[in-house]
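Trainee: Could you take me on a close look at the charged side-chain pairs here? I would like to know where the partners sit and what surrounds them.

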Amino acid sequence: MAIDNFVDWRGKPIDKKWHGGVRAACFLYVLVATTSTAMIANMLNLVVYLHGTMHTGVSSSSTIVTNFIGAASGFSLIGAFLSDSYITRFRTILIFGPLELLGFVLLAFQAHFPSLHPPSCDVDGKSNTCVEVHGWNSAILNVALYSIAFGEGCIRACLPSLGGDQFDEDDPVESRLKASFFNWYTIGISVGSFTGLLLIVWIQNNKGWDIGFTVCALLVLLGLIVVASSFPFYRNQKPKGSPLTRILQVLVAAFRNRKLELSEKLEAQQIANGDAVDIDVLSSTEGLKFLDKASVGHGEHGSWSYCSVTQVEETKIVLRMLPLFISSIISYIPIPLLLTLTVQQGGTMNTSLGKILVSPASLFVIPTIFQMVILIVYDRFIVPVARRITGYANGITHLQRIGIGFVSVTLASFVAALVERKRKQVAEENGLEEFGTGVPMSMFWLTLQFFFLGVVDTTSFVGLLEFFNSEASRGMKSIGVAIFWCIIGLASWLGSLLIQIVNKATRHGDGGKGWLEGANLNKSHLDRFYWLLSVLGLVGFLNYLYWARRYAYRHNPCIMKVEGSKNSP
């Protein structure tokens, strides 16, 4: 670690014995868990509030929630840009995190006061005369939702990077701890999801939406207070200007210098001219040679005519990760679809657990439990064994871990198709084709596909998060994390688009319905759609594998010299 690039809260050089490490990371886990409890529960249950209380249509409610989730991913780019460029990650969380608190407070007020939402009515009745939220009340709703999205986006962009800053990846001991940090970061998300799906959803459905939103606001406040109170322990990366500007300068300078000859001693040239940006000092690498011309001196010294080798290499890092970014979006498309459709499957089956009737939204607890168990086993047992065999700090490389998850996506889709075919056969045998629920088949038939979805979150989710954080240069760590969140957001949007395309392509004649149209799942062709997702998952994995095998890591993932080991994915 370049110690000079990190300071304490007063701007003074850090002391590795006092600043950073596991102690500092533990405070961040609290904010991860509290915000996940509030955010994930509402992501899954908000559609019920919009339809039942705000009287929006079924499709409108789904669209509002989808846009809300996508906005949180999009806003993470803004938070990442500000934290990498002008203010520290810690300050970004403290400045914009309260917006999430404000949003939940507004939702609580709106749910509590009758004048701020439409009058109660039977929204699912045959003679529906309900008034949809509009005007000033609609404006309050949107301000609240997008305040939450903005605050959550800034937090989720900065938290993983701030946590990664607490560990020196050049120190063998701290390098292993950093690998564990991302595993436990994901466990924090799982703990928050588990708590939210059991506690928050129950409060909202049984005690009132105003109380539920108030509890969410208090949880966010608690997390922010814990993180703020631990300010003396953090290592803070010093912002060094806009990384996007530096990349644009390289592209412009390379174009202007396109007719110049490349120098054989670019590194010496960098030392002679000095590096204008006090971030990672990166050596010149092979590939993307046209960018190297940006660092060829020709008498002009403006930032848009000449760039340091470090700036050029920073740009190369981004361009090299671009194919993996695109291929990961393709491979991730089936994941949100599998989660939501599996819950709809479960809603038609026998969801009794003894005398307890499990609500469809709470079925997400099953993959969450799998995720927590698998992550703990992976971090405590599998990684140490794999580390001794491979010599990698993480046991396996980031790209290998991501690939395992994408294989699991295909397996989950394959199993889901078989289970859905069996479910429809049981429905037909019992004459339930005209009914959307009541299939005498236990929800535990979904266990295997939930297990594979848990493997996906344990591998691809954590692997992508750690990959984009570790491969990004020190001045772009938060942007690297924001790119990861954009993968999830874009995959969700593309998944919604895929459903529309499939429904349109599979309609037959006037009045015909597509595979997933209609409210009765027993009349749909969900099994065929699952087969389609299996094919998409396989194609996505093969495309990912092609680019992953050609990617060269910026840092060697080995923590020890292992004979015959190679720096490959």
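**Charged pairs and their setting**

Mentor: Let's start in helix α13 (residues 398-429), where R423 and E420 lie three residues apart, about one turn of the helix. Helices here are DSSP runs of H or I with at least four residues, while strands are E runs of at least two, both numbered from the N terminus. Before going on, please note that this is a predicted model, in which local features need pLDDT of at least 70 and side-chain atom pairs pLDDT 80 or more, whereas totals for chains, interfaces and linings use all residues. Residues are numbered from 1 along each chain as its sequence is written, and side-chain values use heavy atoms, leaving out hydrogens and water.

Back to our pair: the side chains of R423 and E420 form a salt bridge with an N to O distance of 2.9 Å. The term asks for a side-chain nitrogen of Lys or Arg within 4 Å of a carboxyl oxygen of Asp or Glu. R423 is buried at 0% relative accessibility, and E420 is buried at 0% as well. Buried stands for under 20% relative accessible area, exposed for over 50% and partly exposed for in between, using a 1.4 Å probe and protein chains only.

The whole structure holds eight salt bridges. One of them links E314 and R246, again with 2.9 Å from N to O. E314 belongs to helix α10 (residues 309-332) and R246 to helix α7 (residues 243-256), so this pair ties together parts 68 residues apart in sequence. Both ends are hidden: E314 has a relative accessible area of 1%, and R246 one of 4%.

E313 and K316 are both buried.

Now for the nonpolar side. The largest nonpolar core counts 117 residues, and F467 is among those with the most contacts inside it, as are Y332 and L399. Such a core is a set of buried Ala, Val, Leu, Ile, Met, Phe, Trp, Tyr and Cys residues joined through side-chain atoms within 4.5 Å. Helix α1 (residues 21-52) gives the most to this core, namely twelve residues. Leaving aside residues up to four places away in sequence, F467 touches M321, L324, H398, L399, I402, Y551 and Y553, where contact means heavy atoms within 4.5 Å.
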